[in-house]
Amino acid sequence: MIEWFVDGLVGLMLLWLAWQALTSADLLRAVAMFVVFGLLVAIAWTRLGAPDVAIAEAAIGAGLTGALLLITIRRLQDQRRAGVPDERHAETD
Amino acid sequence: MTVTDFYALVGVALFVMGLCALILRSRDLQRILGLNIMGTGVFMVLVTSAAGNGEVTDPVPHAMVLTGIVVAVSATAFALALSLARERRR
Amino acid sequence: MPKRIERCLPALVSLGAVALGVLIALAVLQPPDHEGATLGKVLEALPDSGVSNPVTAVLLNFRAFDTLLEVGVLLLTLIAVWALDLRLPGAETLPASPLFSSLLRVSGPLLVLVAGYLLWVGASAPGGAFQAGAVLAGGCLLLRLAGLWHPPAVILRWAVSVGLLVFLATALAMPFLTGGLLQYPPAAAGIWILLIETAATVSIAAILTSLFIAREPGEPRR
Amino acid sequence: MTLWWSTLCVAAPLLAAVVLVLRPKWPAVIALVAVSLVLTGALGLASVLHASGPRLIEIGGWGAPLGIAWRIDGLTVTLLLMAGIVGWPVTIYARGYFGDAPAGRHFWPLWMLLLTALCALFLSNDLFNWYVTLELLSLSAVALVTLSGKKAALDAAQRYLFTGLFGSLLYLMGVALIYKAYGVLDLTLLRELTQPTLEVWVALGLMAAGLLVKSALFPLHFWLPAAHGSAPAPVSAILSALVVKGAFYILLRLWFDLVPAAMPDAVSLILGGLGAGAIIWGSLQAFRATRLKMLVAYSTVAQLGYLALFFPLSEAGVWGDTALTGLVYFIFAHACAKGAMFLAAGNLQRAAGHDELASLAPVARALPVSMFAFAIGGVSIMGLPPSGGFIAKWTLLNAAIGSGGWVWVVVMVVGGLLSAAYIFRVLALSFAEPGVEAVLEGPRVAKSSEWASLLLASIALLLGLNALPMLDLLNIGLPQVPL
């Protein structure tokens, strides 16, 4: 019974977090939700008897993907702030 | 319904949510999140197929999911770089 | 597209997706039609695979060809990101602070240690090249944040390709030893797998770090 | 020996890719050596196949279901030959096209990885291994599209990437369902196992949908024209000639080995109907196109329709074998002809600095070799003798007539007429009134690039003049529809 409680909670949290990550208009919030989602997925993998996958998910799925998403948001902001189109990429050919 | 089946259904639901986001969202980043969540849904169905019968779990789906996770992060890195490049040429 | 259809699009797509989901859910809930044919074979062959962690055995022995191509996918992604030529500003580092540098002094060796442990333990317990590579990449990124990551371009190029190179060389050497592509001699399988995994860990760490930095070494800085 | 020939096809381009990352000198030479080795491997496999028939190669020595196996039969070897034969002129062309431009530096390793993926895909017989090769194939294809660096190309690449990943995930979900049901990934084993149950139908539907998106069957072709039209010319040729065929090949294998015999006829009729739609719609769009490369890209949409016509024809007993022969020949001939057309179009675009059809006439007269290559490629696309396209369409037409599929006969004939219409729009450029002096605004077109396009076009012609050896080869170990 207690197992069902834990798994049910993990499953429903996963759905809620995914929904938040996909519907949030604030990109930073969406990414934060996604990272928490990834960590929870790692927990789900251990519950399903896949510890190898859990380690990879925490390190790559949540950690690295999250870091990539965050740095991209930052770089997008920087680029917009700089705002100068790069001449070297002017339409040629 | 077993716990495994429950997780499999969660996986299907994630797949559907990610799919909708991929088609309906307009911003690159949201669509990339959609793809990742869709992928997680598929991985969950795969992992539950391992836990299907008996005490010992089948390692083959686990290996497939590991491969899938690495492919997913590669694709994500590329997609993010591409959206940065697009933004630059705007 | 007419306006009215466009307005209904989200509802239509969601409806279609949910219908698809219901179909998949029904399919997922069907009981399996097998008694674990592959699983039986895995357990049978595990003693000959050179490792005792079944997932590592699948990844680096039974289905090693998948993994070889997967390392190829990683390298491909890096070339693709380099080709996009993002021209990001030179350094994205944190301002130097005594706290950060002392944190780095502790966590750097620790992360290398953890990565080495994950790599080694992958033969018998959860872990392996991909997990170890990801942890090592985390360490490299910390160095990068501290402004201490300046590998020479040549070394970085070797680091990103050594995994694929060693993997491929092993695959091609095996026919001479055993007569089969990627077929290790059972007695030495563990050593070959460790060799591949070590090289792969280096490459995975280097590639993941470089994906994050997203600038080709040797490119002129802005 | 079979082991070494097949290994060569995968290992040579992969090794070349790594070498090109390490030491980017003499890239064209390294790539040319790798492509030649692929061709050698494919020819070696062809001779082994003639001598001792189809076989499996067990990678790692485990055999299915534990390990992955490669499958060597006529279909595989024909397509490997196609990759090697198309790869050769494209590589020579790319050397002249990119020269020392920065974009070229990345072209070479990406092209080598794409070739690796394609060869591994054609050899494989394993549902999950196909997923990995598909990802390697689409990611390298998308990366190649971005090489021009132009806004339009990046936008097209992004669409291509998202569509491709979407297709891969649909496919992978299907694989997951199959594995859940049968615990096996090897196609030869699955052939004995699959039953017409709900999960198999859902899995097949998902896999087919994913693969159809990737092979751009109408109306899922929406991503193709922009991607193929805005990529650098050698890349367009690779995409149209080879990449779309990869996903279709998997679909074909699934059709033979995974689809239970109890398949309702409606499915193949629908696929055929989509094919007919592709032929008509794609041809009309090609006819209306204002840019040369878009015209060629829409022509690909149309020609891919012929591939789908195979499905309704395949179920007509003995005519099914004829249809399969025609189909594979069609894939091969289209690869050569369409590749040649894209290469030639690239030369025109290069020389003119644009590819607006309305003002290409002077350039067309200045580049007679390229125009000639385009014309020969066009002859094959129209299906006129003595080209490879003629043999392919003739065979398909025979299968359709023999099995009484008159609707398909009409579609093929109409499609041929429409393709003639849009190809003559281009050929007419050569015969335009000579009044305007040729003003070549773009950079000079390398002679090697002109001759490379002609070389590829001549292969399309040669396929028509000397068809028997090819037909013999691809009939070895012909897959059978379950009855």
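Author: Let's start with a definition: Ala, Val, Leu, Ile, Met, Phe, Trp, Tyr, Cys and Pro count as nonpolar, Asp, Glu, Lys and Arg as charged, and the others, Gly among them, as polar. By that scheme, the lining of the second largest pocket splits into 14 nonpolar, three polar and two charged residues. Keep in mind that this is a predicted model.

Reader: What makes up that lining, and how much space does the second largest pocket hold?

Author: The space comes to about 710 Å³. There are 19 lining residues, and B:Ile23, B:Arg31, D:Thr163, D:Phe166 and D:Phe222 are the closest to the centre.

Reader: Why is D:Leu204 called buried?

Author: Its relative accessible area is 10%, and buried means under 20%, so D:Leu204 qualifies. This residue sits in helix α8 of chain D. Setting aside neighbours within four places in sequence, D:Leu204 is in contact with D:Leu258, D:Val259 and D:Pro260. D:Trp255 is 51 residues away along the chain, yet the two C-alpha atoms are separated by 9.2 Å.

Reader: And B:Ser74, why is that one called buried?

Author: With the cut-off at under 20%, a relative accessible area of 0% puts B:Ser74 in the buried class. B:Ser74 belongs to helix α3 of chain B. Beyond residues up to four places away in sequence, B:Ser74 touches C:Val73, C:Leu74 and C:Thr77, and touching here means heavy atoms within 4.5 Å.

Reader: What makes a space a cavity rather than a pocket, and how many cavities of 30 Å³ or more are there?

Author: In a cavity a 1.4 Å probe fits but cannot get out, whereas a pocket is open. The structure has 13 cavities of 30 Å³ or more. The largest cavity has a volume of about 160 Å³. Its lining takes 14 residues, with B:Leu35, B:Ala72, B:Ala75, D:Leu165 and D:Leu169 nearest the centre. Two or more of the lining residues come from each of α2 (28-50) and α3 (59-88) of chain B and α5 and α6 of chain D. By class, the lining of the largest cavity counts nine nonpolar, four polar and one charged.

Reader: How much area is buried between chain C and chain D, and between chain C and chain B?

Author: For chain C and chain D, about 4,600 Å² is buried, with 77% of it from carbon and sulfur atoms. C:Arg63, C:Phe65 and C:Leu181 supply 14% of what chain C buries there, more than any other three residues. Chain C and chain B bury about 2,900 Å², and carbon and sulfur atoms account for 82%. On chain C's side of that one, C:Leu39, C:Leu84 and C:Leu86 supply 18%, more than any other three residues.

Reader: How do you know how confident the predictor is in chain D?

Author: pLDDT is the predictor's confidence in each residue, from 0 to 100. Chain D averages 91, and 97% of the residues score at least 70. For the complex, the predictor gives an ipTM of 0.94 and a pTM of 0.95.

Conventions: Residues numbered from 1 in each chain as written. Chains lettered and ligands numbered in written order. Predicted model: local features only at pLDDT ≥ 70, side-chain atom pairs only at ≥ 80, totals over all residues. Heavy atoms only, no water. 1 Å grid on protein atoms, 1.4 Å probe; cavity = no way out; pocket = protein on both sides within 12 Å on 5 of 7 lines; lining within 4 Å. Points joined across faces, edges and corners; volume = space filled by probe spheres on them. Helix = DSSP H or I, 4+ residues; strand = E, 2+ residues; numbered from the N terminus. Buried < 20%, exposed > 50% of the residue type's maximum accessible area, 1.4 Å probe, protein only. Buried area = accessible area lost by both parts, 1.4 Å probe.
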